Amino acid sequence: MPFGVPGWRWEVGRFGYMMEKESDCGEIKAKARDLLEKISKGATWRCRCGSLHVPLLIEGEIIGGLWEDVEPGEVDIGAYRFGRWRTKVQLVKDGRMVGFLWLA
């Protein structure tokens, strides 16, 4: 399949990249909302440049992060993109991206 065909995306397979059917936008946003209900915030820390980092945890596993100290229940689901191993979903508050979630 050529690039740009709706409904398809590249996936890393056993023998390199392969094509796989793309998930529906509604499914992705529903999964992200379900995770936001179960999520807890980890220990807040700052890097050398002063940026705030707040890991988002489920059962001790980091599944995302925030760059502002906001409550997970206050954010909206934004755009998403497919990466090599996971789908990355933006977390938005007041029109600004404040973090992200990885969907398996």
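# Close-up views of a predicted model

**View 1. The hairpin of strand 8 and strand 9.** Two residues lie between strand 8 and strand 9 in this hairpin, and aspartate 94 in the turn has a positive phi of about 55 degrees. The model is predicted, so local features need pLDDT of at least 70 and side-chain atom pairs count only at pLDDT 80 or more, while totals for chains, interfaces and linings use all residues. Residues are numbered from 1 along each chain as its sequence is written, and side-chain values use heavy atoms, with hydrogens and water left out. Strand 8 and strand 9 (residues 96-103) are antiparallel and pair over seven bridges. Two strands count as paired if DSSP finds at least two bridges between them. Opposite threonine 87 stands leucine 103 of strand 9.

**View 2. Strand 7 beside strand 8.** Strand 7 (residues 76-82) and strand 8 (residues 87-93) run antiparallel and are joined by five bridges. Tyrosine 80 has valine 89 in strand 8 as its bridge partner. In a regular strand the side chains alternate between the two faces of the sheet.

**View 3. The whole chain.** One helix and nine strands are found in the chain. Helices (H or I, at least four residues) and strands (E, at least two) are DSSP runs, numbered from the N terminus. Their order along the sequence is β-β-α-β-β-β-β-β-β-β. The chain has 104 residues, of which 31% are buried. Buried means under 20% relative accessible area, exposed means over 50%, and partly exposed is in between (1.4 Å probe, protein chains only). The accessible surface of the chain is about 7,100 Å², and carbon and sulfur atoms hold 53% of that surface. Accessible areas come from the Shrake-Rupley method with a 1.4 Å probe; for residues, only the protein chains shown count as cover. Of the contacts in the chain with a separation of 6 or more, 35% are between residues 24 or more positions apart. A contact means heavy atoms within 4.5 Å.

**View 4. The nonpolar core and leucine 91.** The largest nonpolar core has 19 residues, and Leu66, Val89, Leu91 and Leu101 are those with the most contacts inside it. Helix 1 (25-38), strand 5 (52-58), strand 6, strand 8 and strand 9 are the elements that give two or more residues to this core. A nonpolar core is a set of buried Ala, Val, Leu, Ile, Met, Phe, Trp, Tyr and Cys residues joined through side-chain atoms within 4.5 Å. In soluble globular proteins, nonpolar side chains tend to be buried together. Leaving aside neighbours within four places in sequence, the contacts of leucine 91 include Leu36, Leu56, Leu66, Val75, Ile77, Met97, Phe100 and Leu101. Asp76 and Arg96 are also among the contacts of leucine 91.

**View 5. Lysine 41 and aspartate 69.** A salt bridge joins the side chains of lysine 41 and aspartate 69 (2.6 Å, N to O). Lysine 41 lies in strand 3 (residues 40-41) and aspartate 69 in the loop between strand 6 (61-66) and strand 7, so this pair ties together parts 28 residues apart in sequence. A salt bridge is a side-chain nitrogen of Lys or Arg within 4 Å of a carboxyl oxygen of Asp or Glu. Lysine 41 is partly exposed at 27% relative accessibility, whereas aspartate 69 is exposed at 53%. Lys41, Asp69 and Glu71 are linked in a network of salt bridges. The whole structure has five salt bridges.

**View 6. Arginine 86 and glutamate 61.** The closest N and O atoms in the salt bridge between arginine 86 and glutamate 61 are 3.7 Å apart. Arginine 86 is in the loop between strand 7 and strand 8, and glutamate 61 is in strand 6, so the pair ties together parts 25 residues apart in sequence. Arginine 86 is partly exposed, at 32% relative accessibility, and glutamate 61 is partly exposed, at 44%.

**View 7. Glutamate 74 and lysine 93.** These two side chains, of glutamate 74 and lysine 93, meet in a salt bridge (2.9 Å, N to O). Glutamate 74 belongs to the loop between strand 6 and strand 7 and lysine 93 to strand 8, so the pair ties together parts 19 residues apart in sequence. Lysine 93 is partly exposed, with a relative accessible area of 22%.

**View 8. Cysteine 47 and cysteine 49.** The structure holds zero disulfides. Cysteine 47 is in no disulfide, and its nearest cysteine sulfur, that of cysteine 49, is 3.0 Å away. This distance is too far for a bond, as a disulfide is a pair of cysteine sulfur atoms within 2.5 Å. Cysteine 47 is partly exposed at 25% relative accessible area, and cysteine 49 is exposed at 64%.
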